Each structure stands twice: as structure tokens, then as C-alpha cells.
Amino acid sequence: MSASTMLRLESGLSRRGFLRVSATAAGGLIVSLYLDFPLLAQAPQAKMYPPDSFVHIQQDGKIVIQVNRLEFGQGVQTSLPMLLADEMDADWQHVVAELAPAADVYKDPVFGIQMVGGSGSIAHSFQQYRELGAKTRAILLAAAAQEWKVPATQCRTEASVVYGPGGRSAKYADLADTAAHVPVPENVPLKNASDFKLIGKDTRRLDSRPKCDGSLKFGLDLDLPGMKVALVAHPPIFGASPKSVDDKAARSIPGVMDVFEIPTISRGTAVVVVADKFWTAKQARDCLAIDWDFTRVEPADTAQLWAKYKELADTPGNVAVSRGDLSMLDGVSAANRIDAEYEFPYLAHTPMEPLNTTIRFDGDHAEVWAGSQFQTIDQIAIADTLGLKPEQVTFHTEMAGGGFGRRATPDSHVQREAAAIAKHCKSIPVKLIWAREDDVQGGYYRPMHAHRIEIGIGADGMPLAWRHVIVGQSIVAGTPFASFLIKNGVDETAVEGVADNPYEIPNFSVSAHHPTVNVPVLWWRSVGHTHTAFVMETLVDELATRAGTDPIAYRRKLLKPDAKKLRGVIDLMEEKSAAWRNHLAEGHAAGVACHESFGTSVACAVDVSIENKRPKIHCVTVAVDCGTAVNPLTVESQFQAGVSFGVSQLMAKGAITFKDGHAEQNNFDGYTPPYMVDAPVAVDVHIVPSTEKPSGCGEPPVPVISPAVVNALFRLTGKRYRTLPLLSL
Amino acid sequence: MVYSDRAIRGSSAVLVLIAGLAWSSTFSPAQSTSQKGASTTREAGLAAWEQVYSVLTYPRCINCHTATNYPQQGDDRHRHLFNVVRGPGGKGVSGLNCATCHQSANADSTGVPGAYNWHLAPLSMKWQDTNDNILSSPEVCRSLTDRSKNGSLDGPGILRHHEQEPLVLWAFQPGRRRDATERSLPPLTHEQFVAATRTWVKAGMPCP
Amino acid sequence: MQTYKLMVNGQTREVTVDSGTPLLWVLREELKMTGTKYGCGISACGACTVHLAGVATRSCVVPVSLIGDRSIVTIEGIGQDRVGRAVQDAWVTEDVVQCGYCQSGQIMSAVALLKSRRNPTDADIEESMGGNICRCGTYVRIRKAIKAAAQQLA
């Protein structure tokens, strides 16, 4: 989801919200935030569900804060509670974070669904969580004031205690009963940044210790009494169905409960094995003899797709943006033009925790446990599959071992599989697991893309005309997101980062083709920016080289005057990397790149050499402007880890290729993410000081690293790299 | 179980060795009684060597006789995945030893080969160059017979190594891959390999 | 199906399973010890790393029939060890984890390294940790935490 789209949505919304306060039977205070946002004009009205709690002050002083998004590494289970706890003046040592179940009240205030994605967690819930904290504090102050019969203005709060005149004090936990009956104020002022105790300070994650001692349970770790494990034999070509299934051998394995068929989202059929344990289910699935009918499905083939994509790239597509006059390109001589073709493969997300969902269906109710990025969408899909209303589906959000977009599926295909299995195994809890092979071969990849660019260079070395054609499957076509993300036949997620680029190019056009391919596709951390930033930042580098200008200076010259945040990060990056950039070791080179995505501006410089015929990244200096950095330690973590994740695109085995309709890779041996040796050795992160509203850090680290590295490689090998992954240097 | 009682095998191997030594001393080249007899022995020895060479350079053997700081794997002898390295003693490094995955027997249920003391041959016993190209027959022969490189083994020692070393025996029963297919076998059986080695050793370990 | 006696974190445990069952699934499903993780099943990622007779071992590829009487230490038990505790503490102090799913394996590998190298160099760290995948990419902080733990243990 692009930042520019989000901004357009915000201005169209009206807000109405109120806090409801109640006491719990066990004592303590529950504060609910009941939001009633009319959704996007074109989207259906959000259903109203009973309000749930955000803050629970327990009798023992523990403050349990509900996090309205999945925690899958990005740190929200710490940074969102920080916002609330700071405004509330809660004792941070007693704060406990929980991942909220699926419920209306936990929906993203901007998008109107419960979700994590688009790097929007802090950006969208910054105000929301602060308000919750401030109002909770106000209620507690009022309660103390009421009990002491003093004006609230004479009281103050600190670390879960209210202090009043005459040396009085009361713990939040002890005020809960009174506070439950205090009317919630409509508007409460928020703290000035100068009064922040937590916000803006390095704060260690709340979930560290249990993730280091094996005690934290991920979705895959759940165990319920009587639980079975399900593995699915998916059609090797998407959408196919079996002609026949020989399950005699499978059924004869002790511990196998059943073998049956379920429909798949691509209108095919899959075969399910349900057994008492994973290993049993795996043995059983391995000895299924399935004769598949491939006659009615199209088998994708990478070589054929490239041929088709290149053909399309040579013709104009649906127009995303067009200004000026591109016809001048036809007259430009070779000396003054760049003609470039770029190729990007399918990418798999492969989060470390394989996809899984645990579910039990009892006929009139279902209970689900899953690490989902799209809880309310999944809840609706499960209800639909089971013939229930969404409120009859209790959906627990589990801690997830990574996602990078894979756990945010508009079609909820994994949850629908789980629901179909639960329907068959009525009243038996079943854990559906996608083994790693299922994951690598199961589709929902970052689409393949071809780019074709023609640039006419002016006498001053700056681009005068720029014609850009992008070919790639549409990610949002056929989903509810299409209604506002596809304009004039262009999927905005395919052109973001190019269509809205910050460079001054007077004659500029971007158009796109979205072929239909029998391979499901999905957003992969930073979406369109994964390929568009690579193209932009390598071409700008090439233009700089042609102009005989330093790449940093060239960008300063080419950037639009109002690209203030980008200019700011370029300045900071230049300053912080000057020492090593000016003293590069023998055989080392520097590369730079800058990019804005999801509202956050990033610039980086990398120190690269070639070791064992691969790029060795010795250090990365990153400058970032993300507005207010709620937890700078998290921002640093996101950028250190995010650029390491971004190296995925360069890995020699970092591509999913298709032959005979299915992926040729099936595990980490054939599709290999970066190991430690492939990742940068050192990453120093510098945050531009800011009091602006926060923008995201989940995706912005990813787009800049690949172009920066190949820009450095050019200085070592003299070659420009326009095909990813890097197979050879 | 692949390996029978080691003590019994050990003593029967000693018997074979004594017999072999007695046999070879009767026919050592320096003592050949006729010129024709000597050249047949050397020819036979060289022919036997080529048979031995064909096994040594087969993936099941040569994948651990690398000149680099990594092993190879597979019939295509690609660099062993997962960044495993030689380490001191050819046993990998702490955290990523050979024994981190390879146990003392094949794990057919998971597709990982295994044998007692799984480790790389020392660099002195490399049969490839640093570009992973297999060395020529003369080069491997010279390397194999160089006592400063081969762990101080003489002819009988080499024969014993080919007869008994668990990692050598493993090559002839290499187990199943992850996809349940059997790993491919060297061009000779173990018995044939030992016989060829014996012939070559009897001939005085001639090198081409 | 066979019965095996396993020594896990100092306790004798008995399990009855198919002999080809990898130790990983014995730990997770028979003994309900889910700290050791399933990431790939082909020893490529290291999330399943335990210590077997003191050697870092990828439990997803070791069938229970090949364990014998070797003692097993998992992430749940490594905190009882001085080096294990130092590594876990360093991981928390340096705020290493993101999603955390790979970190059981990372910690077990790091402990194996630090038990053999008091003061590992960058090259030592890269070699010993070189086979553990962190998809989130927390390698920079893993390096830092190993050095911090080494300092702590010195």
C-alpha cells in the first residue's frame, strides 16, 4: 500500500469515537476505545462488534496493553504500548503487551481493517494509542481527585501512582474501582514532546527474554488437547485437481486419521492428510499417489514469460503518469541516451516460521489461532467457509515468526484451507502446517517484472526525457484493494517509486502492462519499491557517471527543490559516511542510493568489495527521516536488519523460477535467503531529529540496499547490473 | 547394520594382510624372475590403478578430498551448502561441525549420509585443484603414494585403509537422499575396489 | 515403533516413536518442548539446533534411532549453563531479536562457539554462525551480542 494512497484516504474520513469505561468482575479497570469510522467510500461498511479492551490495570499493578496489530519482528508490541504508557504515566516495568484478538475495535484507524502492513502501525496508531493513554490518565486523576475531594489540577501522576496535595498518593490499581465510574472526557491534551518519558527513548523490547529461552509460543508451537496435524498436498500447477488419489499406503500408517479433498482458492482441489503428529502426516503425504489433471490449467514457465514480458515492455501500456513531450526521445542520438532493460524474478517471502493455523469448529462456533497480518479479513473468510457469522469466529492473534507480507493475504487462502479442514474434522482441533516445501512452492510471490526505460540526456547531463514501461502481474487485481489501488488500468503498487519519483524530469511518462499468469502474487516487503527503487537509483547513478559528477552531488542537483526530507537524509548520510568513503581500502568501492517509501526518506552508502566472486558488504551507513522516532532502538533494529533482508534480492539463489507450471525451487537449498556472510558486517543508523508525525520503518530499509551495492560494484567491475538476482559479477 | 563385529573383522584383516605381504614379497619387481613377468605385473598394476582412480575420483569419495576450505556434495560435486567449512582437523567449526548433521550411520528418514567420524580428508590428500577440477591420474597416484602426505601409509596401509576405513566403506553404502532415491554408487563394488588396490599394491604401486 | 530413553536437559525421558522420527519432532511433539524450532527440515537454517554430547546438532535431520545415550541440551536448558546464560543475557541487552523464531538456534550455535573460543574474531563468528539463517536479518546485532557475551565471560 503506497504512502500517497494512504494520505488521500485520510482526508476523506470523518471521525467519531468515544471511550467506554467499565469495571471487571475481578477488580481492575478496563478502558475500551470504541471507534466508528466510516470506511473508504467505495468499501463496504465495517461491521460493528462488541467493544474490547485496550488497557487492563490489574489488581497486582500489572498493566496489560492490547496491541492492535500482529507482532512479527517489527517491534510494535513494545512501541505501541510505549505510546500509551507514556501518556498514561504508567510504570513501564509493569507493562505487559498482548496481541489483541480479531475485533472491530482493533481495526487500523486509517484502513478500517485489523491489519499490519504498509509500514503503517506507528503512523496510523500514534495518535490513537496516545489518546488512549491520555484519557486513561485523566480518568485516574479524576478518580483520585474524587476520592480525596480535591481538584484534579492539584494532582499529578508518575509511574502508576497519583500524587495529591498533602502528601497523598494512590496506586493506579487501587483507584480502578472508582475510575470505572468516572465519565470519560471527550478531549484530553496530549503531552508535549519535551515531557516524554518513554517516547523517543531507546527502549528494549518487551518480548526479548521469552524469545531467548524457548518459552515464547509461536503459532506453530501451540498444543491443544486432542489436537491433530494437517498437511496438504497442493496441486503442482495452481488450480489443478486430482483425477485419482491412491491413499491406501497413507491410511495404513498408524496415527493417520483421515485423507480427503478440499477446494483451493484457485478453483482447484487439494488433498489433505490429518494425523496425530507432523512426522506421521508427512510420511503419509509422501506416500500419496496422486494423478493430477493438468488439462485445464496454464503451466507457467519463466523462459516463456520473459519472452512475453520483453515484447510487452516494448509497447506502451496503461498510463500511470505523463507530462511533457516524449516524442523528443526519438531524435536523441546514442551518445545522449540510455536504453535499459531490467529483469526482476519472482521472490518468495519464506518467513522463518512456516505458515500455520490452528482451528476448531464446533458447528455454531469456531476458534482460531494464527499469526495473521489480516485478522478481520481472515475472520470473515473463515466464517464464510464455515457458514458462520464473523462474530461466531473467535480469532486469536499469535506471535509470528516473520511475515514480510506473506501473512497478509486478501484471499485468506491458508485460513480458508484450515476452515475447510476443520469443517471436515468437526470438533477436533487441527493444526494446519505448510511445510517449508509447501511455502517455497505455494505461490503468493513478489511478481516478476520487466522494465524498459528510455532516457534522453540534456546538454547539462540531466535527464530531459524519460519513458518508462513496467510489466508485471497486478498484486491487487481481484481483491477489495483493487477499487482504490488500480487507476486507469494501472496497479499503483507496480509503479510506486517510479511514477511518484522525487526527481526533476520535465518530460516523463510511466505506463504499465499487467499480464495474467497462473501464479498467485502478493506484496513482498516494500512492494513496488523492491524493483522500482533499484531501477531509479541505478539509472541515476549511471547518469551521474555519464555527467562526470559525484553521485551524491548529482542527486542533490536532480532532486526536486521541495524534496526536503530526501535532501536531509542525503546530507546526514554524506556527513556520517565521509570518514570511510574518503579512505576506502584497496579493492573496496562505495555506492549510494536514496529512496522515499511509505512516507519515510532513506539514504545509504555502502562499502563493498568482491570476495569469493560475491559482493561483500563491509559497512552500511543509513540516514533515515521517519518523523518522530517513537523507539529509536527499534528504528535502528529495523534498518540494520531491514538492509540485511534487502540483500535477499542480490543472492545468487534468490529467485523463484517456473518450469512446467511449478516452482523449480522447494526449500532453502534452491531458494536461499542471506546468511550472515551475505549480510552487511556493520550497519550504522542515523535518525534525523524530528517532531513530525511518525512514518513507518518496516519497509523503507529494503529498497535502498540493492541499488547501493550494485552502484558500488560498478566502480569495481565497470559493469551495470540490470538483472536480479546477481548470478555472476 | 552395516558394520559387523570390528574385532573379528580386524583379526581377519590382519590375516589377509599377512597373507598379502607374503604374496607381494614373493613377487616384488626387484625379484621378478623373468622380464615378461615383471612387465605384466607393472601393466597389471597400472591397469589396477586406473580402476582404483575411477573410484577415488567418484563423487562419493572425492567430495571430501577437496583442495579448498569446503567439502562438496552431490553427483554434480557442488560446493556443500549452508556455508560449512573445513575447520581445524577437517571437522568443521564449533556450531557447524560435520557432526552437526552427519551422524555415525546414514539417516535415511531425513536423507543425510553418515559414517563413523565423518570429516574431510586433510588438504595433503586433496585430489582436486583449488578450482574444483579433478587432478589427473598421475597426480593422484603420486599424491596417494607420498608418505609425507598420506598419513604415512605404505602399500599395506593403503590397502587396509581401503578395506576397513568406515568412511571408505560408506561410499559403497551411501544411503538415500531426501527424495528417497538411492545415492549413486562408485563404478566398482567394495570387493572389486579392494581387489584392484591389492593388485596395484602387489605391483609396487606403479604410477602412470 | 520403538521405545527410546533420552537424556534431555539432565532428565531421563522415555518416548515411543517410529525409529526414523527426527529428534526435532520427538522434542516438539512427544516431549512438548517447543523451544527448538522447525524452519526447513533439511538442516539448512539451524533453527532446530540442540547440543548432542556437547556438539551443536541440527535435530531436524537426526533420527532418534541414532542418538544412543548421548545427552541432549535444548534452548530450554542452556540457561543453566554459565555460557548459555551469558549468551541469553547478551541477546537481551543488545536487543537482538526481531521475530525471534530463529533465535533458539542462533543462541545454541553461539554457545557452541563461545565454549570453544573465548574471544572469537569476526571471522570465527562468521564461520560458526554461518549456517544459521535469520530471515529478519538480525546478523549485525548477533555479532555484537556474541562479542558482548565473550566480554562478560572473560
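Author: A word on terms before we start: helices (H or I, at least four residues) and strands (E, at least two) are DSSP runs, numbered from the N terminus. This is a predicted model, where local features need pLDDT of at least 70 and side-chain atom pairs count only at pLDDT 80 or more, while totals for chains, interfaces and linings use all residues. Residues are numbered from 1 along each chain as its sequence is written, and chains are lettered from A and ligands numbered from 1 in the order in which they are written.

Reader: OK, how many helices and strands does chain B have?
Author: Chain B has seven helices and four strands. Starting at the N terminus, the order is α-α-α-β-β-β-β-α-α-α-α.

Reader: And what's the mean pLDDT of chain B?
Author: The mean is 87, with 81% of the residues of chain B at 70 or more. pLDDT is the predictor's confidence in each residue, from 0 to 100.

Reader: Where does pLDDT stay under 50 in chain B?
Author: One such stretch is residues 1–10 of chain B, with four contacts beyond four places in sequence. Another is residues 24–39 of chain B, which has 12 contacts beyond near neighbours in sequence. Two residues are in contact if their C-beta atoms, placed from the backbone, lie within 7 Å.

Reader: What about chain A?
Author: Chain A averages 92, and 93% of the residues score at least 70. Still, pLDDT is under 50 over residues 33–52 of chain A, a stretch with 50 contacts beyond four places in sequence.

Reader: Switching topic: which residues touch the most other members of the largest nonpolar core?
Author: Those are Ala230(A), Val273(A) and Cys604(A), in a core of 285 residues. Helix H3 (residues 121–148) of chain A gives the most to this core, 13 residues. A core here is a set of buried Ala, Val, Leu, Ile, Met, Phe, Trp, Tyr and Cys residues joined through C-beta atoms within 7 Å. Buried means that 20 or more other C-beta atoms lie within 10 Å of the residue's own; 12 or fewer is exposed, in between is partly exposed, and C-beta atoms are placed from the backbone.

Reader: What does Cys604(A) touch?
Author: Leaving out residues up to four places away in sequence, its contacts include Met573(A), Val592(A), Val622(A) and Ala708(A). There's also a second, separate core of 19 residues, with Val55(B) and Leu159(B) among them.

Reader: Now the sheet in chain A. In what order do S6, S7 and S8 come?
Author: It's an open sheet, S6-S7-S8, with antiparallel pairing. Strands pair if DSSP finds at least two bridges between them. S6 (156–158) and S8 (169–171) of chain A are at the edges with a single partner strand each, so one side of each has no neighbour in the sheet. Three bridges join S7 (residues 161–163) of chain A to S8(A), and Val162(A) has Ala170(A) as its bridge partner in S8(A).

Reader: Last one: is H1(C) enclosed or open?
Author: Largely enclosed by the rest of the structure, because seven of its eight residues are buried. Among the buried ones are Trp25(C), Arg28(C) and Glu29(C). The cover for the buried residues of H1(C) includes helix H7 (278–286) of chain A and strand S2 (11–17) of chain C. After H1(C) comes Lys32(C), with a positive phi near 55°.
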